[in-house]
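Q: I have a model to go through and would like to talk it over. Can you take my questions one at a time?

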Amino acid sequence: MSNDFNAIEITPELIAEHGITEEEREVLMNIMGRMPTYTELGIFSVMWSEHCSYKSSRFWLKTLPTEGPQVICGPGENAGVVDIGDGQAAIFKMESHNHPSYIEPYQGAATGVGGIMRDVFTMGARPIANLNALRFGSPDHPKTRHLVSGVVAGIGGYGNCMGVPTVGGETTFHPSYNGNILVNAMTIGLANADKIFYSKASGIGNPVVYVGSKTGRDGIHGATMASAEFDDNSDEKRPTVQVGDPFAEKLLLEACLELMAGDSIISIQDMGAAGLTSSSVEMADKGEVGIELWLDKVPMREEGMTPYELMLSESQERMLMVLKPGREEEARKIFEKWELDFAVIGTVTDTRHLVLKWDGEVVGDIPVPPLVDASPMYERPWEPTPKAVEIDAASVAAPSSLTGALKQMIGSPNMASKRWIWEQYDHLVMGETIQSPGGDAAVVRIPGKTKGIATSSDCNPVYVKADPIEGGKQAVAECWRNITATGAKPLAITNNMNFGNPERPNIMGQFVGAIKGMSEACIALDFPVVSGNVSLYNETKGEGILPTPVIGGIGVIADVAKSMNMALKNADEELVLIGETKGHMGSTLYLREIEGREEGTPPVVDLAVERRNGDFIRDLIDAGLVSACHDLSDGGLACAVTDMAMAGKLGATLSLTDSGLGNHVALFAEDQGRYLLSTANADKILEKAAASGVPATIVGKTGGDALTLGDGDAISLAELVDAHEGWLPNYMAQEA
Amino acid sequence: MKSAVILFPGTNRENDAIAALEQASGSKPQLVWHGETELPKVDLIMIPGGFSYGDYLRSGAMAGKSPVMRAVADQAKAGVSIIGVCNGFQILTETHLLPGALMRNAHLKFICKRAALKIENAETRFTSKYDAGQVVKYPVAHHDGNYFADSETLDRLEGEGRVALRYCDDDGVVAPETNLNGSQRNIAGILNEKGNVLGMMPHPENAIDPLHGGIDGRGLFSSMVEALS
């Protein structure tokens, strides 16, 4: 009876329908030496999908710097592992769930959060912070409101139930995401550095154990869907979106950590994309062993499921483990206590084959090494992105009112407060959130310690589009700067590469450029990549998204009580600008919002200067010389001081001296490597800066309830807050 | 003060509760799993926040039927002090240890923010360290915190001094604009008839460290320690 499962005739058309090219079909036939069965075809299809094989990106990903004394485990495992001292490790990764979130925003986003948390706790870490980087289409697009609402509710619904605080992230809008939003979720977990769990299977004859929720038919071919462009029929793919059950995941988390406290686990791997297939193949491949699975033993949610469906299902909240022999009952007890399924579904073998059986009969048999090693890797043709026009600052007209322009900018969709979003996330559960969302970087304390982790996610896709190399560099530098602005020492990053169709040389060129820029910045800033994810084919009807390589970084601060934020705290303090303002106006927020021009070269990051200025800032914070600190990014000096004033509910005056740039350029230019400080110790800071060769200038004073730009151009804080806080809630309250 | 913390599958603020109880009393609370039918002898039972059993039915409805809650109800009748925070409050209404119900927030969204609260009754074992009318700030983090009871019950609660806390503004003004979830009469926390059971949506356990941005929550725990030691 079992072979009925494979009664379906395998034709070239069916193979093509599985996303396998003619060339790949040849390789497949050579590996198998025969026509694959239907089940085997499904396995090749998902393993060789872009999502699982990284076939377009692998060649370039290998060039990223991934090492450093702080790195315990770089890319290749479920998540990256970094040493944070005291025998502890931070385990973290960011992952996209773009395609499912566009099709079904609540479940797509929720399962994205669930998936990334599993990647972290499968390595033995308790998740202690979540972040998310979201990109939506134009606010005017008819679907945007619905997508924002669903994605935010989905992220909150899952993370809140798990009891993991969502402490940071970013949300922006751009028409290029109209048909293809980005939902990138990041989780940071905490583990003991000597108790990290990996996926490598070992021990011939050891039991292979399935735990968690039952397997259903949801998400079949999710990985393949995530590897194709969208078209008009994408909505029909809704059944391939998985459904999340955060309660089951919470139980799975607690049960796994309880079992991990003992020593019965040899290896463990979560079932994410391509479910049972990728987890079992990964474990066998890493351990250079074979795995035999008894599919009829898999806990099933519905009757009549086939081996094909079981191997390809992306049902959530499941894990695969190899246990030490004879430890099954001890493990079973823990999972039964947590009311989760537990089943021995196979064994480790020495064949290096993945053998699938149903009631003892073989229904699939694939040699693992070629399935993994011969998976396609393309060095896709690429062309460098043409150089953008240089914008001469002198050609950018001054606005009729500086404060008017400022108000318009800080109330624009991308700059407006995202409080409406992060108040829907429990950002306080666990009681260790020291710097909440809305600042440069969030800070969470390590339980029982004074130290903490600072974390931020960053990318300016407009910069990346204009110049992928500089934009890639800038994304890394910006993240490093945000972490630095809290006083923390940046440690490592995860990257989430969201791009269009890699088969088009200009898109591939964006990818290659971003990788090159990121590499340069990671090396210069000692900020290696320890994990990451690639999401390609983010296109609808041939229109690609802005290239969006999101960087999620973490840093460590020895004493969270010393961590800094941007809120102005004391009147009559000096505002000191660190770094040099040359007047870069290309690709700036000012150009987009005030002049309606999205063009020009992005600002260049001088990495040596970046590092020098950042190290200087960290020393000042550590020495207790500043009372507020904020990095300068979109909207330059004027938007930075506004953020600080609004956060502290305290006004400020910027004295505009003739810098030869024009006031609007001095205020809104986006030169890199700059910070704004509030301090009662300006003299000391200027002295130290001079000694270190760091540009530092007093640019204003704190006090009052208005923001004053130069002589008398003032705007009340209340008016700025209304513009800044008002946009998103007002937008969401409108009828679609 | 000896205390116990009840754990359900899906409870997620237990460590926050344990930290607050330990800070105030100097000793760690005992942890009690939902399947237990007997409780240790303690002065205070705390039911912390979370999503018991996923809250897939009504929030707190499944937990309200759990074995351990029958034991908690017995203890409540015997006069032991019981505090339920957030999901704990929802569970206490589901077991009818407290009147009324907690519905979905009026704006239908989860809300997490620091909230200003007016101490309405400072003569209880939970609030004696505060002054009546004092404004305190605790965070809220809930989806279903919209307190509802019929007007007869509400009148009775008010008449008997059983409204413990209300949502207000920084100056203590209780108004529709300061009602963050649609609760009847801005109610954030209530007491039972005997005054030994308190249910509240806000989280005093997340306001016990200067680095939380405030320590207003400590007063609640130190009140209990003073009354129950």
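Q: How many salt bridges does the rule find across the interface of chain A and chain B?
A: Two salt bridges cross the interface of chain A and chain B, where a salt bridge is a side-chain nitrogen of Lys or Arg within 4 Å of a carboxyl oxygen of Asp or Glu. Arg445(A) pairs with Asp209(B), and the closest N and O atoms are 2.8 Å apart.

Q: What kind of model is this, and how are things numbered?
A: This is a predicted model, in which local features need pLDDT of at least 70 and side-chain atom pairs count only at pLDDT 80 or more, while totals for chains, interfaces and linings use all residues. Residues are numbered from 1 along each chain as its sequence is written, chains are lettered from A and ligands numbered from 1 in the order in which they are written, and side-chain values use heavy atoms, with hydrogens and water left out.

Q: Back to the interface: how many residue pairs are in polar contact there?
A: The rule finds ten residue pairs in polar contact across the interface of chain A and chain B, both residues at pLDDT 80 or more. A polar contact is a pair of N or O atoms within 3.5 Å; within protein, one must be able to donate a hydrogen and the other to accept it, and residues adjacent in sequence count only if both atoms are side-chain atoms.

Q: Which elements of chain A give two or more residues to that side?
A: They are helix H8 (144-162), helix H10 (246-260) and strand S14 (433-435) of chain A. Helices (H or I, at least four residues) and strands (E, at least two) are DSSP runs, numbered from the N terminus. H10(A) supplies the largest share, four residues.

Q: And how do the residues on the side of chain A divide by type?
A: There are 14 nonpolar, six polar and seven charged residues. Here Ala, Val, Leu, Ile, Met, Phe, Trp, Tyr, Cys and Pro count as nonpolar, Asp, Glu, Lys and Arg as charged, and the others, Gly among them, as polar.

Q: How much area do chain A and chain B bury between them?
A: About 2,100 Å², with 61% of it on carbon and sulfur atoms. Buried area is the accessible area (1.4 Å probe) that two parts lose on being put together, summed over both. In chain A, Phe247(A), Glu423(A) and Leu428(A) lose the most area to chain B, together 25% of what that side buries.

Q: How many residues does the contact take from each chain?
A: 27 residues from chain A and 23 residues from chain B, with contact meaning heavy atoms within 4.5 Å.

Q: What is Cys256(A) in contact with, leaving aside its neighbours within four places in sequence?
A: Phe121(A), Ile268(A), Met319(A) and Phe335(A).

Q: Asp270(A) and Arg118(A): buried or exposed?
A: Asp270(A) counts as buried at 4% relative accessibility, and Arg118(A) is buried with a relative accessible area of 1%.

Q: What does Lys324(A) form a salt bridge with?
A: Asp263(A), with the closest N and O atoms 3.9 Å apart. Lys324(A) is in the loop between strand S10 (318-323) and helix H13 (328-337) of chain A, and Asp263(A) is in the loop between H10 and S8 of chain A, 61 residues apart. Lys324(A) counts as partly exposed at 30% relative accessibility, and Asp263(A) is partly exposed at 43%.

Q: Last one: which residues does Ser279(A) touch, not counting those up to four places away in sequence?
A: Gln269(A), Asp270(A), Met271(A) and Leu320(A). Ser279(A) lies in helix H11 (residues 275-287) of chain A and counts as buried at 0% relative accessibility. The side chain of Ser279(A) also reaches the backbone oxygen of Leu276(A) at 3.2 Å.

Note on methods:
Buried means under 20% relative accessible area, exposed over 50%, partly exposed in between (1.4 Å probe, protein chains only).
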